[in-house]
Amino acid sequence: MEFKMKEGGFTADFEYGELHVSGNEEYGFRPYQLLVSSVAVCSGGVLRSVLGKMRMDFSDINVKAEVERNENEANRVEKIHLHFVLTGKDLNEDKVKKALELTRKNCSMVQSVKDSIEVTESFEIKA
């Protein structure tokens with residue numbers, strides 16, 4: 001990856017398109033937004049795969065991320081709570097709990113931050 005300086009931030013070209021990153025939202029995505037997005041979307045994608053392999057019938061996954069930052073230590077991210085809202089027919093709560101355990105173990109982003117950021121999960125099921 002290569003990041004090039006621009007007014008107010010940096011850009012990077014990827015296969016999907018150009019990414020703009022800045023500490024100021026007027027110029028691009030903020031680094032903490034990308035960090036939290038990486039953890040949330042990686043978890044959501046792994047959960048989607050695990051539920052599919054478990055042959056669980058679902059039609060949608062929504063992920064809400066709540067973030068706690070420490071202003072006294074460079075405003076670092078200390079905790080990310082992911083709340084998954086699963087929509088589907090006859091979703092079994094115990095199987096979803098097991099799927100989330102597997103998700104945590106297999107999400108590369110959660111595993112990358114596990115010793116520095118506390119990541120927790122919860123879920124609800126909608127029919």
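Biologist: Which residue does Arg104 form a salt bridge with?
Modeller: Glu121. The closest N and O atoms are 3.3 Å apart. Bear in mind that this is a predicted model.

Biologist: Where do Arg104 and Glu121 sit?
Modeller: Arg104 is in helix α2, and Glu121 is in strand β6.

Biologist: Is Arg104 buried, exposed or partly exposed?
Modeller: Arg104 is partly exposed, because its relative accessible area is 29%. Glu121 also falls in the partly exposed class, because its value is 26%.

Biologist: How many salt bridges are there by this rule?
Modeller: The count comes to 5. One of them pairs the side chains of Glu73 and Arg76, at 3.4 Å from N to O.

Biologist: Which residues are joined into one network?
Modeller: Glu73, Arg76 and Glu78. Their salt bridges share partners.

Biologist: What is the relative accessible area of Glu73?
Modeller: It is 45% for Glu73, which means partly exposed. Arg76 is partly exposed too, because its relative accessibility is 35%.

Biologist: And which side chain does Glu25 meet in a salt bridge?
Modeller: Arg30, at 3.9 Å from N to O. Glu25 counts as exposed because it has 53% relative accessibility, and the cut-off is over 50%. Arg30 is partly exposed, because its relative accessible area is 24%.

Biologist: Which residues of α2 are buried?
Modeller: Val96, Ala99, Leu100 and Thr103.

Biologist: Why are they on the same side of α2?
Modeller: Because they cover an arc of only 100 degrees around the axis. The general rule is that an α-helix has 3.6 residues a turn, so residues three or four places apart point the same way.

Biologist: What do the buried residues of α2 pack against?
Modeller: Three elements of the fold: α1 (31–53), β5 (76–88) and β6 (118–126).

Biologist: And which residues are exposed on the other side of α2?
Modeller: Asp94 and Lys105 are exposed there.

Biologist: What does a side-chain oxygen of Asn92 reach at the start of α2?
Modeller: The backbone nitrogen of Asp94. The oxygen comes to within 2.8 Å of that nitrogen.

Biologist: Switching to strands. In what sense do β1 and β2 pair, parallel or antiparallel?
Modeller: Antiparallel, over 3 bridges. Strand β1 covers residues 4–6, and strand β2 covers residues 9–13. Lys4 has Thr11 in β2 as its bridge partner.

Biologist: How many residues are between β1 and β2 in the hairpin?
Modeller: There are 2. Gly8, in the turn, has a positive phi of about 80 degrees.

Biologist: How many bridges join β2 to β3?
Modeller: 4 bridges, and those two strands run antiparallel. Strand β3 takes in residues 18–21.

Biologist: Which residue in β3 is the bridge partner of Ala12?
Modeller: Leu19.

Biologist: Last one. Through how many residues does the hairpin join β2 to β3?
Modeller: Through 4 residues.

Key. Residues are numbered from 1 along each chain as its sequence is written. This is a predicted model: local features need pLDDT of at least 70, side-chain atom pairs count only at pLDDT 80 or more; totals for chains, interfaces and linings use all residues. Side-chain values use heavy atoms; hydrogens and water are left out. Buried means under 20% relative accessible area, exposed over 50%, partly exposed in between (1.4 Å probe, protein chains only). The arc is that of the directions from the helix axis to the C-beta atoms. Contact means heavy atoms within 4.5 Å. A polar contact is a pair of N or O atoms within 3.5 Å; within protein, one must be able to donate a hydrogen and the other to accept it, and residues adjacent in sequence count only if both atoms are side-chain atoms. Two strands pair if DSSP finds at least two bridges between them. A salt bridge is a side-chain nitrogen of Lys or Arg within 4 Å of a carboxyl oxygen of Asp or Glu.
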